[in-house]
Amino acid sequence: MIRNVENIIVGGGIAGTWMAYQFVKASKSFVLIDAEGHSKSSFVAAGIFNPIIPAKQKISYKADEIYPFLSKKYHDLEGFIHEKVLHKDRISYIIDSLKELNDWAAQSENHIFKDFVIMRNERIADHVISDFGVLDIQETGWIDIPLLITSFRKKLIEMNAYLNEDFSPNLLHFDEKGFDYKNLRATNIIFCQGTAALQNPFTANIGLKPAKGEVITIKSNETIQGSIPQNGVFLVPIGNDLYRVGSNCSWSNLDFNPTSEAKNEIINKLTKWYKAPFDIVDQIAGVRPASLDRRPIVGQLNFHSNAFVLNGFGSKGVALAPFYSKMLYSNIYDETPIDNDVDVSRFK
Ligand SMILES: Cc1cc2nc3c(=O)[nH]c(=O)nc-3n(C[C@H](O)[C@H](O)[C@H](O)COP(=O)(O)OP(=O)(O)OC[C@H]3O[C@@H](n4cnc5c(N)ncnc54)[C@H](O)[C@@H]3O)c2cc1C
């Protein structure tokens, strides 16, 4: 029997999850099709959000519009899934030279950074070397993305809105008014497939340039609380003496296999300032859906006026997915424009 829905979402990483949540909030019908293994980014990510790129003394793209509202958005989503996934830990960037200290002393008064950074001349902990002090960054923290996504899926299963299966582009048919996929009939389709977009002929040319990354988990008895030290790599306390450390970036061998090269790179960077003993207990790899110009990829695809894409979140899916899923939702239902600098049509 044919099932009519307004929207089909393909892919249930952080992008597809936020797209689906926009539909939940607006009471629009949808089905989300997702199966593990096609692309792998959200389940690998440390989930950090940070409006500053401290080593480059730069502010993140659209920081003023995105970060002050981010915690509230995740807090709302927590209410829907009934799980705590938002951890508002402060990122403490370790200043590692006198020059950097002087540069930040000047920059921290600059109106661009003023609301986001506070300089502190203290150690985070005895075993974290920070002789030049730290830069505490505001509006930061981390999201437990695997818990968020698995809890969200459970809610969708209750709503009969989740299909745990592979999506095959060759089974998608369309006419002027919408799309047929197996027994589904939908007005709109939204592709949120991460790097697997490259294997889908409808989205293969949207301008992706994927980047592999790896994260390790260490166990250490020396505690760090309420703070995420960062310099070269971050150290995220996730409880039970466990810490996630990462990440690296590579544009070759774009598979999901952990490598000893990445492990050594991450450990070398960590041990420059982390001086407590630790054991490595896990290492995982994924591929970020980065884009050619490092901007998200959002909007209407050229093969059909009701086909859309939400992708290209690179290393910032946590911060960008709520903002751009909302922008895409408004584009679909209210015909508000997509910002030119993220519109998928820029790569035509
Ligand atoms: C090592 C590493 C560390 C990172 N750290 C951070 C961080 O600290 N903070 C941050 O914000 N971001 C981080 N990121 C980036 C973040 O992971 C991405 O921006 C984000 O997860 C992208 O989400 P997505 O939903 O677009 O793609 P994905 O997470 O790849 O999700 C796509 C989903 O679609 C499914 N899918 C695809 N094709 C099909 C198909 N044909 N049929 C069925 N299902 C399909 C996939 O299996 C997957 O479930 C990190 C990434 C890596 C690799």
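**A loop, a ligand and a nonpolar core**

Ser247 sits in the loop that runs between strand 18 (242-246) and helix 7 (260-271), where helices (H or I, at least four residues) and strands (E, at least two) are DSSP runs numbered from the N terminus. The structure is a predicted model, in which local features need pLDDT of at least 70 and side-chain atom pairs count only at pLDDT 80 or more, while totals for chains, interfaces and linings use all residues. Residues are numbered from 1 along each chain as its sequence is written, and side-chain values use heavy atoms, with hydrogens and water left out.

The peptide bond that joins Gly246 and Ser247 is cis, with an omega of about -15°. Ser247 has a relative accessible area of 27%, so it counts as partly exposed; here buried means under 20% relative accessible area, exposed means over 50%, and partly exposed is in between, with a 1.4 Å probe and protein chains only. The C-alpha atom of Ser247 is separated by 9.5 Å from that of Ala285, although the two residues are 38 residues apart along the chain. Asn257 also lies in the loop between strand 18 and helix 7, and because its relative accessibility is 46%, Asn257 is likewise classed as partly exposed. From the C-alpha atom of Asn257 to that of Pro169, 88 residues apart along the chain, the separation is 26 Å.

Lys62, in the loop between strand 5 (58-59) and helix 2 (63-66), has a positive phi of about 55° although it is not a glycine. Lys182, which lies in the loop between strand 13 (178-181) and strand 14 (184-191), has a phi near 50°, again a positive value in a residue other than glycine.

The ligand is the next stop. It is surrounded by 39 residues, of which the closest are Asp34, Ala35, Ser42, Phe167 and Gly314; a residue is near the ligand if one of its heavy atoms lies within 4 Å of it. Of the residues in this shell, 14 are nonpolar, 17 are polar and eight are charged, under a scheme in which Ala, Val, Leu, Ile, Met, Phe, Trp, Tyr, Cys and Pro count as nonpolar, Asp, Glu, Lys and Arg as charged, and the others, Gly among them, as polar. Helix 1 (14-25), strand 15 (211-219), strand 19 (279-288) and helix 8 (317-334) each supply at least two residues of the shell, and the largest share, three residues, comes from strand 15. Because domain 1 (3-45 + 146-206 + 292-347) and domain 2 (88-141 + 211-288) both give residues to the shell, the ligand lies between them; the domain bounds come from an automatic or database domain assignment.

A backbone N or O atom of Gly314 lies 2.7 Å from an oxygen atom of the ligand, a polar backbone atom of Val318 is 3.0 Å from an oxygen atom of the ligand, and a polar backbone atom of Ala46 is 3.4 Å from a nitrogen atom of the ligand. The protein covers 96% of the 1,000 Å² of accessible area that the ligand has on its own, an area computed by the Shrake-Rupley method with a 1.4 Å probe.

In soluble globular proteins, nonpolar side chains tend to be buried together. The largest nonpolar core here has 63 residues, and those with the most contacts inside it are Met19, Tyr74, Ile143, Leu148, Leu310, Tyr324 and Leu328; a nonpolar core is a set of buried Ala, Val, Leu, Ile, Met, Phe, Trp, Tyr and Cys residues joined through side-chain atoms within 4.5 Å. Helix 8 gives the most to this core, with 10 residues. Since domain 1 and domain 2 both give residues to this core, the core lies between them.

Two further loop residues complete the tour. Ser220, in the loop between strand 15 and strand 16 (227-231), has a relative accessible area of 1%, so Ser220 is buried. Ala45, in the loop between strand 2 (30-33) and strand 3 (48-49), is partly exposed because its relative accessible area is 28%, and its C-alpha atom is separated by 8.9 Å from that of Asp144, 99 residues apart along the chain.

Key: A polar contact is a pair of N or O atoms within 3.5 Å; within protein, one must be able to donate a hydrogen and the other to accept it, and residues adjacent in sequence count only if both atoms are side-chain atoms.
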